[in-house]
Amino acid sequence: MKQDLIYTHTYKQTLHMTTGLKSHLEILSKDRQSLSDLLYNVSQNNPFLEYTPSQDIQQYLEAGISNKPSLKDELYLQLHTSTKKYNETIANYIIESLDSHGFFDQDIQTVLSDLKCTKTQFEETLSFIQTFEPIGVAAKNSIDSLMIQLKEKGYTIAYTILKDHSKELEEKDFYTISESLDIPYESVFDELAHMQECNPFPCSEYDTESTTNLALPEFTIEIVEDQLKIIPKEMGNLSLHCEEVKLSKEAKKYLNEAKFYIDSINRRNKTILLLANILITHQKNYFLFQDDLKECTLKEIAQESGYSISTVSRTLSDKYYEFNDHMYPVKDLFISKTHKGSSKDSIQNAIQLLIEVEDKENPLQDEEIVEELENMELYASRRTISKYRKELNIPNSKQRKKQAIHMG
């Protein structure tokens, strides 16, 4: 059901982190386009889940922008619906560290240092991820991937050949292989055929990263009778279809997966709406009266909402809103503070104004801009002024003087 949120005083909600909640954070961080891709792919394989995208997302899907599933999405799906206990921090680290072939080729000591875990804990989790489809994912390389697949298929002799006789394979010394393993010479070729059944690059059918680049807004901001109105954008129709019958173990797995996504989408939408309301509250004069944006940080929004800073960042990162028929990044509504509390936006506007009216033959140096800003009750260091000036593509005083002389 579509919800309209009239801009009102916000309320505080305390959120306690649990093991179950952590998996929902992956859904929380996704933008509408990548989330729709995921739901579409899941619904194609889950008999209990039906997904019909909203009109704007449907247009995006019909454009064919995303036509291959994301490897990470597929792996997270299997991770979050697994009934086996696992270390989520290590599992997430492995999935996020896969290269373009879906391999995990990281220095083990660096990994253990990053994760602050034991080698046993890491290897147990890695072995767990390597049981996911496509079999062979998270291997060290193509040879390791083949070995994982051979072991999974039960081809133990072929596995041993690849593991212990790589040199003989390279030299096509099949007699030595047959003698070492005490198998008929002809049987070596049967084992080679088993190897050919496997794919050295099993993740090639997947996109290792989401390839979409079309941004879709999460909500629209409208002004109605001098009030701000936040109108959420719909994901579409996501529904559960399940009859009251006895289900097999495999069917229950799909059912739990369907319930997970429906619950996660509802949590995601409520969280975005709550945080958007707080953020728009801070910047109401910007929308209503075209005032400058006020200083507003992730920490302030976190304190008001009761969420952690990381959750606020994860929720609003890479999200967009629509206002006056234009789309903008939500992150642009956050304005950092300088050391003494003046907003970056205000200081940059003041710098531009000071330089516009300065004596072109004797332009202001950064130290002088600091003093001028203090007269305006704005405070920033010389280093900050230099940084902001560069961000505004404003040359230093010497360069501005040369430009003035040249123009003169």
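**Reading the labels on this model**

User: Why is Pro-363 called buried?
Analyst: Pro-363 has a relative accessibility of 7%. Buried means under 20% relative accessible area, exposed over 50%, and partly exposed in between (1.4 Å probe, protein chains only). Pro-363 therefore counts as buried. The model is predicted: local features need pLDDT of at least 70, side-chain atom pairs need 80 or more, and totals for chains, interfaces and linings use all residues. Numbering runs from 1 along each chain as its sequence is written, and side-chain values use heavy atoms, without hydrogens and water.

User: Where is Pro-363, and what is it in contact with beyond its neighbours within four places in sequence?
Analyst: Pro-363 is in the loop between α17 (344–357) and α18. Helices (H or I, at least four residues) and strands (E, at least two) are DSSP runs, numbered from the N terminus. Contact means heavy atoms within 4.5 Å. On that basis Pro-363 touches Glu-358, Glu-368, Ser-397, Arg-400 and Lys-401. Its C-alpha is separated by 7.8 Å from that of Lys-398, 35 residues apart along the chain.

User: What makes Arg-400 and Glu-358 a salt bridge?
Analyst: A salt bridge needs a side-chain nitrogen of Lys or Arg within 4 Å of a carboxyl oxygen of Asp or Glu. Here the N to O distance is 2.8 Å, so the pair qualifies. The pair links distant parts of the chain: Arg-400 is in helix α20 (residues 397–407) and Glu-358 in the loop between α17 and α18, 42 residues apart. Arg-400 is buried at 7% relative accessible area. Glu-358 is buried too, at 10%.

User: How do you know that Glu-218 and Arg-268 tie together separate parts of the chain?
Analyst: Their side chains meet in a salt bridge at 2.8 Å, N to O. Glu-218 lies in the loop between α12 (185–196) and β3 (219–224), and Arg-268 in helix α13 (residues 249–282), so the pair ties together parts that are 50 residues apart in sequence. Glu-218 and Arg-268 are both buried.

User: What makes the backbone at Lys-172 and Asp-325 worth a look?
Analyst: Most residues other than glycine have a negative phi. Phi is positive at Lys-172, near 55°, and at Asp-325, near 65°. Lys-172 lies in the loop between α10 (166–171) and α11 (174–181). Asp-325 lies in the loop between β6 (320–323) and β7 (326–329). Lys-172 is exposed because its 63% is over 50%. Asp-325, at 73%, is exposed as well.

User: Which peptide bond is cis?
Analyst: The bond from Glu-133 to Pro-134 is cis, with omega near -5°. Pro-134 is in the loop between α7 (119–129) and α8 (142–153).
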